[in-house]
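Please read it beside the coordinates.

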Amino acid sequence: MKYFHLIWAALFRRKARTFLTLASIMAAFLLFGMLDGIRTTFAQIGQNADGAQRLQTTSRLSMVQMLPLALRSRIEQVDNIEAVTWANWFGGAYQDPRNQLFTIAVAPNYLDLYPEIVVDPAELEKWKATRNGMLVGEDMMARFNWEVGQTLPLQSTIFPNSDGSLNWQFQIVGVIRQREDSDNGFFGAMMLMHYDYFAESTPYVNDEVGWYISRVSDVNRSDAAAKAIDALTANSPHETRTMTEQAAMAAQIKQVADIGLIVGSIMGAVFFTLLLLTGNTMAQAVRERTSELAVLKTIGFASHSVLAMVLAESVLLVVLGGVLGLALAAVLGPVAGAVSRGAVNLPPIGPGSWALGLGLMVAIGLLVGALPAIRAMRLNIVDALAGR
Amino acid sequence: MNMMKKLLRALGLLALVVAFLVVWVMLPWQGALALAAALALWMALTRAGRQAASVTWVGVATLRQRLGASSVVVVGIAGVVGVLVALLAMAEGYRHTVNSAGREDVAIVLRGGSSAELMSVLSRDEILAIERAPEIARDAEGRPLASAELVVSANVPRRDGEDGSVTLRGVGEMAWAVRPEVRLVDGRRFETGRRELVVGRGAQRQFQGLEPGNEVQLGNERWTVVGVFESGDATESEMWADAEVVGATYRRGSSRASLYAKLTSAEAMNAFKATLAADPRLTVDADTTLGYFASQSRTLTTVLRVVGIVVGSIMAIGAVFGALNTMFATVASRAREIATLRAIGFSGLPVVVAVMLETMLLALLGGLAGGLIAWLLFNGYTASTLAGGVASLSFEFRVSPQLLWEGLKWALAIGFIGGLFPAVRAATLPVTDALRAM
């Protein structure tokens with residue numbers, strides 16, 4: 001560490017070259033930060049403490065198929081299940097068929113199983129008492145400038161109302177917010193209506209629900225509970241498939257894209273070109289300083305000290321550029337979100353990404369500096385001083 | 001005064017770069033070819049041009065001495081172009097697969113306000129009313145070439161072991177006539193009234209056990225795969241079966257999701273829409289399948305393109321700095337040579353042109369290499385995604401000539417920017433200092 005000043009001076013001898021190399025390294029790690037943030041976000045979807053306790057039961061036939069409401073009481077009686085709720089997709093559009101909304105028709109106790117959703121208790125009571133009451137996520141309220149207490153006309157694209165039309169009238173009675181420490185961003189766009197109002201009004205739905213959510217008391221035995229629920233409906237016309245919420249979401253994501261593979265391939269290409277670029281810079285730097293390194297060896301620095309100094313210089317170069325790049329990525333996320341008013345949502349850079357990034361920086365620095373450092377170590381003092 | 005001049009020059013260069021980029025983005029390949037031809041003519045015919053040519057030749061001939069540094073530029077740009085072309089090929093492949101199922105003379109009718117087939121419901125009466133429209137072509141026996149179809153999704157295990165969703169389309173016998181691009185390549189068509197499936201090649205690739213003769217478990221019933229079809233578009237990711245049986249299994253009765261109709265001609269579309277609008281019993285939307293599929297694919301294609309361009313831009317910035325680094329070092333190593341040239345009478349312009357040509361030559365090599373790698377590795381690579389959030393859609397990456405040209409454009413732009421500043425530095429070196437130094 002006492003030679004840090006020496007290493008720093010050596011690095012910034014050719015300022016222009018070092019700054020340009022640092023800029024390239026920054027660009028590479030800016031990309032790494034953004035892509036790794038996306039990768040970890042997708043990998044962690046559904047993996048929260050609240051979600052671990054929830055099981056999702058859907059029709060085994062297809063995700064668009066409905067299940068009988070009568071299953072509710074049978075699921076409640078399964079060992080380890082302490083609460084059951086149900087929901088059905090509604091959808092709906094506001095003013096323009098292209099403004100598709102995330103509306104679901106839910107049982108009155110739906111929010112009991114989602115402790116990470118926060119609703120004002122008075123508003124919740126009002127919702128339970130209002131047949132066509134609607135709880136709206138705060139992002140939706142902001143997006144369309146709705147107010148609590150107003151009527152909300154929606155047009156369904158799938159379900160006709162009891163009068164035969166596709167128009168449904170709701171009353172906004174409360175706002176859905178996310179609990180402070182929860183990082184699932186979807187609840188802000190959610191809208192909840194009553195299942196009973198939905199089922200009574202639309203002619204084609206008779207005591208059928210889209211899916212059940214149940215809560216287990218003992219998380220370690222949730223698999224057994226899932227199998228037990230499926231066993232209830234085996235060989236019936238309504239066979240079910242029950243999974244933990246996390247497994248269900250992971251399966252969905254996996255079908256959309258293999259994010260890990262895409263991110264890994266891009267970063268592989270980026271780091272390969274970075275290796276070449278930084279390797280070239282380091283090779284040039286060492287080549288120019290052979291006489292200096294020879295002088296160091298003459299005055300008594302051991303060969304392995306010279307090796308260590310060159311390696312330290314290369315690691316310092318990559319770490320400096322990499323930390324700046326990751327920091328820029330960490331700052332860019334909130335800035336992009338603020339500038340685009342929430343349209344662009346870059347994920348934050350978590351400690352895992354930082355740790356991985358730092359590890360990669362050190363590895364790349366060592367790899368890049370290896371050859372020049374070995375050459376420096378093996379320098380023949382006489383030849384080097386003579387300029388050969 | 002000196003600072004002012006330097007500042008003005010830097011700003012001037014920046015303005016030049018911006019102007020170049022604006023023009024370059026809009027230039028088609030014929031324009032670039034014309035530019036190259038003009039440059040070649042200039043270098044052959046004018047004095048300054050011939051000077052530039054000889055300096056360039058010297059630079060290129062001595063490239064072998066700077067192999068390490070030059071390879072940085074080539075590999076860096078190859079990386080940018082490779083990643084960019086690969087990501088854009090993913091977007092292009094998806095768009096092509098979905099859009100090529102569309103025809104100008106085939107209409108799709110959905111319930112009014114539906115954003116996708118899966119959300120639309122048409123009753124039997126509505127279907128009968130639509131089929132009576134005179135704009136629909138009729139076959140030899142006078143039956144309307146209209147296919148009422150039911151679209152649902154089914155859970156089937158994928159080849160990687162996980163469960164996935166596949167589109168199950170219930171069709172009648174007219175479906176094959178309305179969509180002649182769907183060709184049976186193995187086995188036979190399903191028989192009406194039986195639980196039989198004809199699967200698309202894309203679905204077969206994605207999911208387990210969809211070979212003719214195998215049984216598939218849908219829910220608690222067993223269905224038999226009896227045939228395989230190909231169509232070269234998104235339809236290949238579907239499974240087809242008898243609409244009545246699908247309707248019974250999914251308890252949809254006689255209602256359907258959509259109606260595909262072959263019109264008498266592409267021009268009949270407007271008349272068809274008018275006929276449907278005039279019928280008070282119908283609240284439906286009609287569109288050509290071309291327009292419908294284009295709007296379905298638009299969102300994801302745009303997202304993929306944006307991702308490709310953002311990633312490519314960040315990599316390009318890194319490559320520009322790498323090129324600047326290399327070319328500044330090159331100019332510095334050849335300072336004495338360049339100063340000699342200027343001392344014996346070569347003006348600044350040939351030197352600038354020579355350095356820039358050298359950089360853009362390396363960039364061109366990098367662009368070609370990157371495009372070639374992307375084409376070799378990714379053209380035809382099969383991927384799949386979840387279409388409409390509900391069912392699997394498989395598509396192939398498509399490295400089209402248009403994309404390769406786009407990649408080459410990026411490479412040359414990086415070369416231009418990476419070469420301009422070192423070139424100007426070379427042309428404005430103080431001659432006496434440079435001759436004395438090193």
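1. In chain B, 83% of the contacts with a separation of 6 or more are between residues 24 or more positions apart, where two residues are in contact if their C-beta atoms, placed from the backbone, lie within 7 Å. This is a predicted model, in which local features need pLDDT of at least 70 and side-chain atom pairs count only at pLDDT 80 or more, while totals for chains, interfaces and linings use all residues. Residues are numbered from 1 along each chain as its sequence is written, and chains are lettered from A and ligands numbered from 1 in the order in which they are written.

2. The radius of gyration of chain B is 31 Å, whereas a compact globule of 438 residues would have a value near 22 Å; the radius is taken over C-alpha atoms, and the globule rule is 2.2 Å times the number of residues to the power 0.38. The C-alpha trace of chain B spans about 95 × 50 × 40 Å along its principal axes. Of the 438 residues, 50% count as buried, that is, with 20 or more other C-beta atoms, placed from the backbone, within 10 Å of their own.

3. Chain B has 14 helices and twelve strands, taken as DSSP runs (H or I, at least four residues, for helices; E, at least two, for strands) and numbered from the N terminus. Chain B is divided into domain 1 (37-99 + 297-436) and domain 2 (113-282), with bounds from an automatic or database domain assignment, and the C-alpha centres of these two domains lie 48 Å apart.

4. The contact between the domains of chain B takes ten residues from domain 1 and 13 residues from domain 2. On the domain 1 side, α4 (67-99), β11 (382-387) and β12 (391-396) of chain B give two or more residues, and β12(B) gives the most, with four. That side divides into four nonpolar, six polar and no charged residues, with Ala, Val, Leu, Ile, Met, Phe, Trp, Tyr, Cys and Pro counted as nonpolar, Asp, Glu, Lys and Arg as charged, and the others, Gly among them, as polar.

5. Chain A is likewise divided, into domain 1 (4-45 + 258-386) and domain 2 (61-238), and their C-alpha centres lie 50 Å apart.

6. Between the chains, 44 residues of chain A are in contact with 42 residues of chain B. On the chain A side, α2 (15-43), α9 (245-256) and α10 (259-288) each supply at least two residues, and α10(A) gives the most, with eleven. The residues of this side divide into 24 nonpolar, 14 polar and six charged.

Note on methods. Buried ≥ 20, exposed ≤ 12 C-beta atoms within 10 Å, placed from the backbone.
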